[in-house]
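Okay, thanks for coming, everyone. Let me put the structure up and we'll walk through it together.

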Amino acid sequence: MSNKKPNTPKGTRDFGPAESAKRNHIISSIKAHFLNYGFSQIETPAMENLSVLMGKYGEEGDKLLFKILNSGDYLQKVSQEDFEQGSQHVLPSIAEKGLRYDLTVPFARFVVQNRNDLAFPFRRFQIQPVWRADKPQKGRYREFYQCDADIIGTKGVFSEVELTRLIQDVFKSLGYPNYLIKINHRELLFGLAQWCGLATKEIQFCTALDKLDKIGHEKVTEELNNLGADAEKLVQLFDLLGQDWNNMQKLEGIEALLPENPGIETVKTYFRYLKDSGENVSLDLSLARGLNYYTGIIFEVVAQDVKIGSICGGGRYDDLTGVFGLPDVSGIGISFGLDRIYDVLEEKGLFPDSLKVSAQALITHFDEKSFVHGMDLLSELRANQIPAMLFPDLAKINKQFNYANKIDIPYVIVIGEEEVKTRVYTVKQMKTGQQHSLALSELIKLLKAE
RNA sequence: GUGGUUGUAGCUCAGUUGGUUAGAGCGCCUGAUUGUGGUUCAGGAGGUCGCCGGUUCGAACCCGGUCUUCCACCCCA
């Protein structure tokens, strides 16, 4: 290991054949459900203008944005005054683009730009990488994929129900049952904040409350007290949160505190529409989610038996396009975290074995004559939609078999003098060791059977 | 961004108070096997001990820096 040993940048990874196959397994499953729900795919550039990205994810988000240096002499526009005032003042002069931080904001930009060509409500899905300059940890990468589905241009709670069912369908088809869909409503959170006497500090209230299951109610109480919350009301609040209630009981409990809150009716309707399919759905009044633009119901999906944070998140935003000049468009979206779902499936051993197969058959040979004959057989197999390879070098037969074994090829076809003459091929099933002599039509039938 | 942690062969890891030529298992290559892989046996290759610097007669080991990994904050998918 010399100092020349190359490496990918911190928090980024390569995906080899095995990993790519597993990732594709997840992507194709999610994509199939997106299509089944009527979403159309779009793609947007990896980079956006910083004016599009800045200020959309809160102060923290701005720090985590990767900025791209301007081309050419990027210091040219920096004035002495900017430089003396520090990096904050230099930034606008040296970088005007950044890597996208999520898929929702670029989508809002896309909607505004293409508003006249889109039919609303518009359902789009998007599967692309995003970048965050976070400090990497397990399940936290600097480059990771999001799989987003958004419905924009409708306020109906039915959209929330659609996305809930979509989540359920996806995890069902991935074979992972131990997830929990936590939901809450920003109006409820804001109502609670005001009720506690934190009318101007709703966001701080949310982020403090969000830590409840992590640091416990004493510490959260302490934080909220420091913000200036009404101590008596906090006692009432934590009394409510501590109850082991079902969703309806929780709703009734919070309705008693906030009788006029518009979020109550919305959440009630949501559960009514869900009917009996709300099995993995839980109203969690402490769920906050950091992103500033959410205004209505918010979602978070957690893996209950893997320590990895949330694997899917989303919510309703009433005015995301407003900042780009298109007001009064309500949208709702969810984002599946491909990389974390991967980590969950990997840890739980839920990837199917069949993903390993690289080709159905490898054609091996003893000499050049049989090698050349193998080329024709290869074409025949491929013409019959049988993924096949011909060993490309003249090599010892055991080397060829060894290769097939290593890359998990199920069938090896052997061609020698005899096979070329008779056109009856020897085929060995690697898993069982069984061997047959078959003419082409029989061979195709066998290889297609699997 | 703050604090901590990790790094030795392709992989998982040993390595004594600082002392010749740094080891094991697995994997890899060759042969037993010129019509058969996965089992077995024999042999072999592969390391500037993450990198740079310092202390020392002498450093995988001690010190500093740096990169990387993971963890706790922060925040999030």
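So, in what order do the eight strands of the open sheet run? The order is 1-5-6-11-10-9-7-8, with mixed pairing. Keep in mind as we go that this is a predicted model. Strand 1 (40–41) and strand 8 (281–283) are at the edges with a single partner strand each, so one side of each has no neighbour in the sheet. Further in, strand 9 (residues 297–303) and strand 10 (residues 310–317) pair antiparallel over five bridges. I298, for example, has G315 in strand 10 as its bridge partner.

Now the helices. Helix 1 (residues 17–36) packs on helix 7 (residues 158–173) at about 145°, axes 9 Å apart, and the crossing is right-handed. Helix 1 brings S29, I30, H33 and F34 to the contact, and helix 7 brings L166, D169, V170 and S173. That set splits into four nonpolar, three polar and one charged.

On to charges: I count 14 salt bridges. Take D339 with R13, at 2.6 Å, N to O. D339 is in helix 14 (residues 338–347) and R13 sits in the segment before helix 1, so this pair ties together parts 326 residues apart in sequence. Is D339 buried or exposed? D339 is buried, at 3% relative accessible area, while R13 is partly exposed at 26%. R23 joins those two in a salt-bridge network.

Helix 14 comes back with E346, which meets K22 at 3.1 Å; K22 is in helix 1, 324 residues away.

Last one: E162 of helix 7 pairs with R123 at 2.4 Å, and E162 is buried, at 16%.

How values were computed
Residues are numbered from 1 along each chain as its sequence is written. Chains are lettered from A and ligands numbered from 1 in the order in which they are written. This is a predicted model: local features need pLDDT of at least 70, side-chain atom pairs count only at pLDDT 80 or more; totals for chains, interfaces and linings use all residues. Side-chain values use heavy atoms; hydrogens and water are left out. Two strands pair if DSSP finds at least two bridges between them. Helices (H or I, at least four residues) and strands (E, at least two) are DSSP runs, numbered from the N terminus. Axes are lines fitted to C-alpha atoms, for helices over the stretch in contact, and angles run from 0 to 180 degrees between N-to-C directions. A crossing is left-handed if the near helix is turned anticlockwise from the far one by less than a right angle, and right-handed if clockwise. Contact means heavy atoms within 4.5 Å. Ala, Val, Leu, Ile, Met, Phe, Trp, Tyr, Cys and Pro count as nonpolar, Asp, Glu, Lys and Arg as charged, and the others, Gly among them, as polar. A salt bridge is a side-chain nitrogen of Lys or Arg within 4 Å of a carboxyl oxygen of Asp or Glu. Buried means under 20% relative accessible area, exposed over 50%, partly exposed in between (1.4 Å probe, protein chains only).
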